[in-house]
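Open the model in your viewer and keep the selection tool at hand. Each stop below names what to pick and what to look for.

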Amino acid sequence: MAAYLFAHFIGEEKNGEQVYFSVSRDGLHWKDLYNGNPVLLSQTGTCGVRDPFLVRHPQTGTVYLIATDLRIEAGKGWKEAQENGSRSIIVWKTDDLVHWTKERSFEVGIPEAGCVWAPEAVFDREKGAFLVFFASKVDGKHRIYAAYTADFEQFSDTFLYMEKEKDVIDTTILEDNGQYYRISKDETDKRLVMERSDSLTGEFARISSPVLDDLVGVEGPEGYRMPDGKTWCLIADQFQTGKGYLPMLTDDLSSGRFRILSPDEYDMGKTKKRHGGILQITDEEYQRLTCIPSGNRWE
C-alpha cells in the first residue's frame with residue numbers, strides 16, 4: 001500500500017453532508033479531489049450523509065463505504081436527530097474506487113434507538129465477517145451497538161457492544177499485533193478514551209494516555225499505519241474550536257504515548273475535513289483516482 005484515500009464530509013452547509021475524497025502519499029499532506037466538490041451524493045433517507053468510513057474486504061478486495069444517514073442542514077436540529085433520527089446506515093461499494101454502486105440503505109438500529117451514528121467496521125478473522133458498530137441513543141443515553149455482516153447486505157441481529165457511565169459515541173478500532181485498540185469519544189468530558197483487548201468481543205481494559213486526557217473538545221478519532229509500516233497516526237476532529245483534524249503519532253499503541261504534530265508537519269488540504277475514514281490504497285489506485293477529469297461527475 002503506497003498511499004491513502006480520505007473520505008469525509010465538510011459541514012452543515014448545502015451539500016456539505018455528502019462524501020468528499022482527498023488523497024495523500026504520506027498520510028500527512030492531503031490533496032482534495034474533484035476540485036473540492038462532493039464525489040458521492042446520497043438521494044436516500046435524509047438525503048445527507050456524515051461520518052463516511054472506508055473498509056476493504058481482506059479476501060475479495062471489495063471496498064465498502066458506510067455512513068450516517070443524517071442531514072442537519074435540513075433544519076430539524078440535533079435533538080430531533082438523536083431521538084427521532086434514521087436507524088439506517090448508507091452503503092456504497094466498489095472494486096476500483098472510481099465506479100461505485102448506487103447508495104443503499106440498511107436498517108441496523110434496534111427499534112428503541114433514536115439514531116444510528118458514525119458507523120465503522122472491522123474484519124473479525126475468527127468469524128470471517130465484519131463487525132459493524134455505531135452509536136445509538138436509547139432510553140436517553142448513547143451506547144455503542146454492533147452487528148455482523150459478510151457483505152453489507154445481510155446483517156445479524158444488533159447487540160449492545162459497549163456502554164459507559166454516560167454517553168459514548170464515535171468509536172474506532174485498530175488492530176495491531178493480535179491486539180485490538182478501541183478509541184472512543186466519551187461525552188462525559190468530550191475527551192477520547194483508549195482501550196485494549198485481544199478479542200473484538202472480549203473485555204477491554206483502559207490504557208492510560210496523558211496526551212488524550214489533555215485533549216478537550218475532540219471527536220471522530222481515526223487511525224492508520226504510516227508508510228514505514230510501524231508508526232501509527234491517530235487523527236481527531238477538533239469540533240469544539242473548529243480547527244479541523246489534529247494528527248498524532250506513536251510507534252507503540254499499547255503505550256498510550258502520542259506526539260502531537262506541529263502545524264508545519266501536516267497539511268489537511270483546502271477543505272475543512274469533518275469526521276471521516278482513511279483507507280490505505282495502492283499506487284495504481286492512487287493514479288486512477290487522481291487521473292479522473294475534474295469536470296466529470298463520478299459514477
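**Stop 1: E103**

Select E103. This residue is buried, because its relative accessible area is 7%, under the 20% cut-off. Keep in mind that the model you are viewing is predicted. E103 sits in the loop between β6 (88–94) and β7.

What does the side chain of E103 meet? Show T44 and look for a polar contact between the two side chains, at 3.2 Å. Then show the backbone nitrogen of Q43. A polar atom of the E103 side chain lies 2.7 Å from that nitrogen.

Now widen the selection around E103. Leave out the neighbours within four places in sequence. The contacts of E103 are then L41, S42, Q43, T44, I90, V91 and W92. Q43 and T44, from the two polar pairs, are among them.

**Stop 2: L97, in the loop between β6 and β7**

Stay in the loop between β6 and β7, and pick L97 there. Check its backbone. Phi of L97 is near 70°, a positive value, and the residue is not a glycine. Is L97 buried or exposed? L97 counts as buried, because its relative accessibility is 1%.

**Stop 3: the sheet from β4 to β7**

Color β4, β5, β6 and β7. These four strands form an open sheet in the order β4-β5-β6-β7, and the pairing is antiparallel. Which strands stand at the edges? They are β4 (49–56) and β7 (104–107). Each has a single partner strand, so one side of each has no neighbour in the sheet. Turn the view to look across the strands. Neighbouring strands here are turned by 30° against each other on average, ignoring direction.

Zoom in on β4 and its partner β5 (residues 63–69). The two run antiparallel and are joined by six bridges. Y64 stands opposite.

**Stop 4**

Y34 has a positive phi, about 55°, yet is not a glycine. How accessible is Y34? Its relative accessibility is 12%, so Y34 counts as buried.

**Stop 5: strand β1**

Select residues 3–9, which make up strand β1. Seven of the seven residues in β1 are buried. Inspect one side of the strand. A3, L5, A7 and F9 lie there, all buried.

Show strand β20 (residues 274–281). β1 and β20 pair antiparallel, over six bridges. Here F6 stands opposite I278.

Then show strand β2 (residues 20–24). β2 and β1 are also antiparallel, with five bridges between them. Y20 of β2 stands opposite H8.

**Stop 6: I235**

Select strand β17 (residues 232–238) and pick out I235 within that strand. I235 has 1% relative accessibility, so this residue counts as buried.

Which residues does I235 touch? Skip residues up to four places away in sequence. The list is F6, G220, P221, E222, Y224, Y245, L246, P247 and I278.

Now draw a distance from I235 to P221, C-alpha to C-alpha. The two are 14 residues apart in sequence and 5.6 Å apart in space.

**Last stop: the whole protein**

Zoom out and color by secondary structure. The protein has three helices and 20 strands. Along its principal axes, the C-alpha trace spans about 50 × 40 × 40 Å.

How does the radius of gyration fit a compact globule? For 299 residues, such a globule would have a value near 19 Å. The protein has 18 Å, which agrees.

The accessible area comes to about 13000 Å², and carbon and sulfur atoms account for 44% of it. Of the 299 residues, 58% count as buried.

Finish with the contacts. Residues 24 or more positions apart account for 52% of them.

Methods:
Residues numbered from 1 in each chain as written. Predicted model: local features only at pLDDT ≥ 70, side-chain atom pairs only at ≥ 80, totals over all residues. Heavy atoms only, no water. Pairing = 2+ DSSP bridges. Axes fitted to C-alpha atoms, helices over the stretch in contact; angles between N-to-C directions. Rg over C-alpha atoms; globule rule 2.2 N^0.38 Å. Buried < 20%, exposed > 50% of the residue type's maximum accessible area, 1.4 Å probe, protein only. Contact = heavy atoms within 4.5 Å. Areas by Shrake-Rupley, 256 points an atom, 1.4 Å probe, with all protein chains shown as cover. Polar contact = N/O pair within 3.5 Å; in protein donor to acceptor, adjacent residues only side chain to side chain.
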